[in-house]
Amino acid sequence: MNKHPEDWQDEIPARQDDNDDDDEIIWVSKSEIKRDAEALKDLGVELVELGKNALEKIPLDDDLLAAIELAQRIKKEGRRRQIQLIGKMLRARDPEPIQTALDKLKNRHNQQVVLFHKLEQLRDGLLATGDEAITEVLELYPNADRQQLRSLVRNAQKEQAAGKAPKSARQIYQYLRELAESND
């Protein structure tokens, strides 16, 4: 009793609904899988490069955290393999909350860098113009001490004219940074 291909079609049960959208298979290319794996490995590299304090702010489970801490201690070839392992571990997890927390940390860092550049420009303006820039600082930071700023600016200008180390200029920057932190 040989069956012909035409007979096989009779044995296939008829489908109740003809909605092919639900049964559609989504094919993913091999290149896309590799790109996704590489992106997770890059995320692992970023996590390894973070400090211990920053890692505490990211939602990581114990296994992943232990693997990252081990990668931070390893050097050379072993580190590369450990990062590959971290990437593989990330494939089994949802990387979205980790990436979101990491982006928040980076943004905070970028904001701090912008603030520090602004403070450096303010200090340079104080050294260049003196009293005119002191009023600008007092407008930005009303709790600033005018006398202290004037004495620091005078000392920094004297050091600059004498060619000495910019000790007072550093103190101006520190004072401005303290004012900015207390203002937040």
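Modeller: Asp36 counts as partly exposed, at 43% relative accessibility; with a 1.4 Å probe and protein chains only, buried means under 20% relative accessible area, exposed over 50%, and partly exposed in between. The model is predicted: local features need pLDDT of at least 70 and side-chain atom pairs count only at pLDDT 80 or more, whereas totals for chains, interfaces and linings use all residues. Residues are numbered from 1 along each chain as its sequence is written, and side-chain values use heavy atoms, with hydrogens and water left out.

Asp36 belongs to helix 2; helices (H or I, at least four residues) and strands (E, at least two) are DSSP runs, numbered from the N terminus. The C-alpha atom of Asp36 is separated by 9.9 Å from that of Gly87, 51 residues away along the chain.

Helix 2 (30-49) is also one of the elements against which the buried residues of helix 4 pack, together with helix 3 (52-55), helix 5 (77-91) and helix 6. Those buried residues are Leu64, Ala67, Ile68 and Ala71. Seen down the axis of helix 4, they fall within an arc of 100° and so line one face of the helix; the arc is that of the directions from the helix axis to the C-beta atoms. An α-helix has 3.6 residues a turn, so residues three or four places apart point the same way. The face of helix 4 turned away from its buried side carries Asp62 and Arg73, which are exposed.

Gln82 counts as buried at 10% relative accessibility. Leaving aside residues up to four places away in sequence, Gln82 touches Ala67, Leu70, Ala71 and Ile74, where contact means heavy atoms within 4.5 Å.

In helix 7 (residues 131-140), Ala133, Ile134, Val137 and Leu138 are buried. Down the axis of helix 7, these residues fall within an arc of 150°, so they line one face of the helix. Glu132 and Glu139 are exposed on the other side of helix 7. The cover over the buried residues of helix 7 includes helix 6 (96-129), helix 8 (146-162) and helix 9 (167-183).

Helix 6 also holds Phe116, which is partly exposed with a relative accessible area of 28%. Not counting residues up to four places away in sequence, Phe116 touches Tyr173 and Arg177. The C-alpha atoms of Phe116 and Leu176 are separated by 9.6 Å, although these residues are 60 residues apart along the chain.

For the chain as a whole, there are 9 helices and 0 strands. Of its 184 residues, 27% count as buried. Among contacts between residues at least 6 apart in sequence, 57% join residues at least 24 apart.
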